[in-house]
Amino acid sequence: MIPLVREELVISNAQAGWLMALFFIFYTVFQLPSGYMADRIGPRKMLTWGAMISVAGNLIFSSGSTFTMLCMGQAVNGLGQATGWTSALKLIVNWFPRSQRATAIGFFATCVAAGSSFGIWISGLLGDQLGWRSSFIIPPAMMAAVSLIFWIQVRDHPQERGLPAFN
């Protein structure tokens, strides 16, 4: 999307680099606190809140008409995305016995890579067909819907569903 954003908003290569970097700076800085919070309040809450924060960041970015607004969107998105990896791993540890965790993490990592690849493809398609802003509106709307289903269906521990705990 960067070429489309650059063209419409006339931002420099350096500014485009900052947009990419800000996401990863916030993503990196907030992973440790997100893991800590997942241990304290539960991975289900952290994943759901993180998804909603990410949705908000994408909506901020999609409505941006200045470099500052785009930066805010990327920072908020990075903060929200930082909750994903640590909280999801916490769920895997809670739901899978030690003997199956590596396999479960392997499936999870594969899904993350496949989902990221699909997301990049669909965002490019949306950007080409409907403009770059649609790439920061439609996928986040999908994420919000999935987050609602996740919130309803998923629990932090098997015991909350009447199943035995794993050590």
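## Around K90

K90 is partly exposed, with a relative accessible area of 25%; here buried means under 20% relative accessible area, exposed over 50%, and partly exposed in between, with a 1.4 Å probe and protein chains only. The model is predicted, and local features need pLDDT of at least 70, side-chain atom pairs count only at pLDDT 80 or more, and totals for chains, interfaces and linings use all residues. Residues are numbered from 1 along each chain as its sequence is written, and side-chain values use heavy atoms, with hydrogens and water left out.

K90 is found in helix α4. Helices (H or I, at least four residues) and strands (E, at least two) are DSSP runs, numbered from the N terminus. Not counting residues up to four places away in sequence, K90 touches D39 and P43, where contact means heavy atoms within 4.5 Å. P43 is 47 residues from K90 along the chain, yet their C-alpha atoms are separated by 6.3 Å.

With D39, K90 also forms a salt bridge, the closest N and O atoms being 3.2 Å apart. D39 lies in helix α2 (residues 13-41) and K90 in helix α4, so the pair ties together parts that are 51 residues apart in sequence. D39 is partly exposed, at a relative accessible area of 44%. A salt bridge is counted when a side-chain nitrogen of Lys or Arg is within 4 Å of a carboxyl oxygen of Asp or Glu, and by this rule the count comes to two.

E8 is partly exposed at 44% relative accessible area, and R133 is partly exposed at 24%.

Helix α4 (residues 67-95) also packs against α5, at an angle of about 145° and with the axes 10 Å apart. Axes are lines fitted to C-alpha atoms, for helices over the stretch in contact, and angles run from 0 to 180 degrees between N-to-C directions. From α4, the residues making the contact are W85, A88, L89, I92 and V93, and from α5 they are R101, A104, I105, F108, A109 and V112.

L130 lies in helix α5 (residues 101-130) and is exposed, with a relative accessible area of 58%. Together with L59, I137, I138 and M142, L130 makes a nonpolar surface patch of about 440 Å². Patches are made of residues with over 30% relative accessible area and no salt bridge, like charges being joined within 9 Å and nonpolar side chains (Val, Leu, Ile, Met, Phe, Trp, Tyr) within 5 Å. Accessible areas come from the Shrake-Rupley method with a 1.4 Å probe, and for residues only the protein chains shown count as cover.

T48, in helix α3 (residues 43-62), counts as buried because its relative accessibility is 13%. Neighbours within four places in sequence aside, T48 is in contact with F150 and W151.

The protein chain as a whole has six helices and zero strands. Of its 167 residues, 34% are buried. The chain exposes about 9600 Å², of which carbon and sulfur atoms supply 70%. Its C-alpha trace spans about 55 × 30 × 25 Å along the principal axes. Of the contacts between residues at least 6 apart in sequence, 70% join residues at least 24 apart.
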